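Hi,

Here is the structure I said I would pass on. Have a look at it first, and then read my notes below.

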Amino acid sequence: MDSGVSTPEKQDKENLVGINNKRLGVCGWILFSLSCLLMIITFPISIWMCLKIVKEYERAVVFRLGRIQASKAKGPGLIVILPCIDVFVKVDLRTVTCNIPPQEILTRDSVTTQVDGVVYYRIYSAVSAVANVNDVHQATFLLAQTTLRNVLGTQTLSQILAGREEIAHSIQTLLDDATELWGIRVARVEIKDVRIPLQLQRSMAAEAEATREARARVLAAEGEMNASKSLKSASMVLAESPIALQLRYLQTLTTVATEKNSTIVFPLPMNILEGIGGVSYENNKKLSSRA
């Protein structure tokens with residue numbers, strides 16, 4: 001017993017153009033009987049005209065006297081089409097690639113850019129794709145272009161360059177919701193290329209170069225500061241032990257001898273140099289007194 005409450009499935013079924021539960025009527029049954037009679041009279045020739053093959057990836061939507069036969073398309077395999085009163089439309093259920101041409105977009109920060117993309121979708125309801133829209137592929141193509149422009153127009157250039165995946169997911173959600181009544185399911189949306197003016201490219205390159213140079217200078221200054229702290233600590237250690245300074249001399253000599261064999265540096269303690277300097281000064285003083 002019908003309670004008068006319409007379920008969502010029933011409403012979706014009623015929204016499909018041409019689908020209803022009305023019978024053929026008297027004229028319809030008369031035409032149906034004549035069609036069957038014609039098929040019997042012309043048998044077996046008519047069987048080749050009435051049997052149609054629907055491939056695995058296709059479905060057939062059958063119109064009988066202008067009305068869709070059922071809410072579900074027929075196929076795959078063999079289907080029977082009555083002569084004169086039945087017309088059928090084949091629908092391909094494979095994934096379709098929709099290439100969006102470059103769209104000129106004005107971003108939220110007033111930058112003109114060109115963006116292109118690609119949309120992957122497929123038909124999951126052949127009846128809806130035939131009955132609810134004139135050309136489902138053309139409609140999806142135009143809707144994808146409009147959605148791409150609308151979504152990217154609300155983003156800045158930096159957001160477009162950095163958040164492609166989030167923007168593509170947002171476009172996919174909007175397209176999937178809009179094409180649900182057409183029997184379309186959007187599988188994936190990708191943004192292929194973002195083209196910006198040449199002058200803006202040069203400005204961005206100069207800005208990036210300046211940022212890298214500033215970062216390099218900061219790192220060099222931090223390195224010099226750390227090196228000076230290390231040298232200070234090393235000088236304090238060497239000041240506590242004079243023998244460590246002699247060992248450092250010998251290590252430097254080993255390094256120089258390895259790299260440049262023609263150069264020999266012999267380190268002498270500072271007190272020896274002071275003693276040599278004092279002896280030469282005393283000898284000069286004695287010689288001057290004798291003269």
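**What I found**

Let's start with strands S6 and S7, which run antiparallel and are joined by 9 bridges. One of the pairings to look for is Ile 105, whose bridge partner in S7 is Thr 113. Bear in mind throughout that this is a predicted model.

Those two strands belong to an open sheet of 3 strands, ordered S6-S7-S8, with antiparallel pairing. S6 and S8 are the edge strands, each pairing on one side only. From one strand to the next, the twist averages 20°. As a reminder, strands of a sheet pair through backbone hydrogen bonds, and they can do so parallel or antiparallel.

Two helices pack on this sheet. H5 touches S6, S7 and S8, and its direction makes about 35° with that of S6. H7 touches S7 and S8, and its direction makes about 145° with that of S8.

Now for the inside. The largest nonpolar core has 34 residues, and those touching the most other members are Val 61, Val 119, Leu 152, Ile 167, Ile 171, Leu 175 and Val 186. Strands S6 (96–106), S7 (112–123) and S8 (184–195) each give two or more residues to this core, and so do helices H4 (126–131), H5 (136–152), H6 (157–162) and H7 (164–178). H5 gives the most, with 6 residues.

Which residues is Leu 152 in contact with, leaving aside its neighbours within four places in sequence? They are Ile 105, Thr 107, Val 115, Ile 160, Ile 167 and Ile 191. Ile 105 is the residue that is bridged to Thr 113, and Ile 167 is also on the list of core residues that touch the most other members.

Finally, take a look at helix H2, residues 25–41. The buried residues of H2 are Gly 28, Ser 35, Cys 36 and Met 39. Seen down the axis of H2, these buried residues fall within an arc of 95°, so they line one face of the helix. In general, an α-helix has 3.6 residues a turn, so residues three or four places apart point the same way. Helix H3 (45–50) is part of what covers the buried residues of H2. On the face turned away from that buried side, H2 carries the exposed residues Val 26, Cys 27, Ile 40 and Ile 41.

Cheers

Note on methods
Residues are numbered from 1 along each chain as its sequence is written. This is a predicted model: local features need pLDDT of at least 70, side-chain atom pairs count only at pLDDT 80 or more; totals for chains, interfaces and linings use all residues. Side-chain values use heavy atoms; hydrogens and water are left out. A nonpolar core is a set of buried Ala, Val, Leu, Ile, Met, Phe, Trp, Tyr and Cys residues joined through side-chain atoms within 4.5 Å. Buried means under 20% relative accessible area, exposed over 50%, partly exposed in between (1.4 Å probe, protein chains only). Helices (H or I, at least four residues) and strands (E, at least two) are DSSP runs, numbered from the N terminus. Contact means heavy atoms within 4.5 Å. Two strands pair if DSSP finds at least two bridges between them. Axes are lines fitted to C-alpha atoms, for helices over the stretch in contact, and angles run from 0 to 180 degrees between N-to-C directions. The arc is that of the directions from the helix axis to the C-beta atoms.
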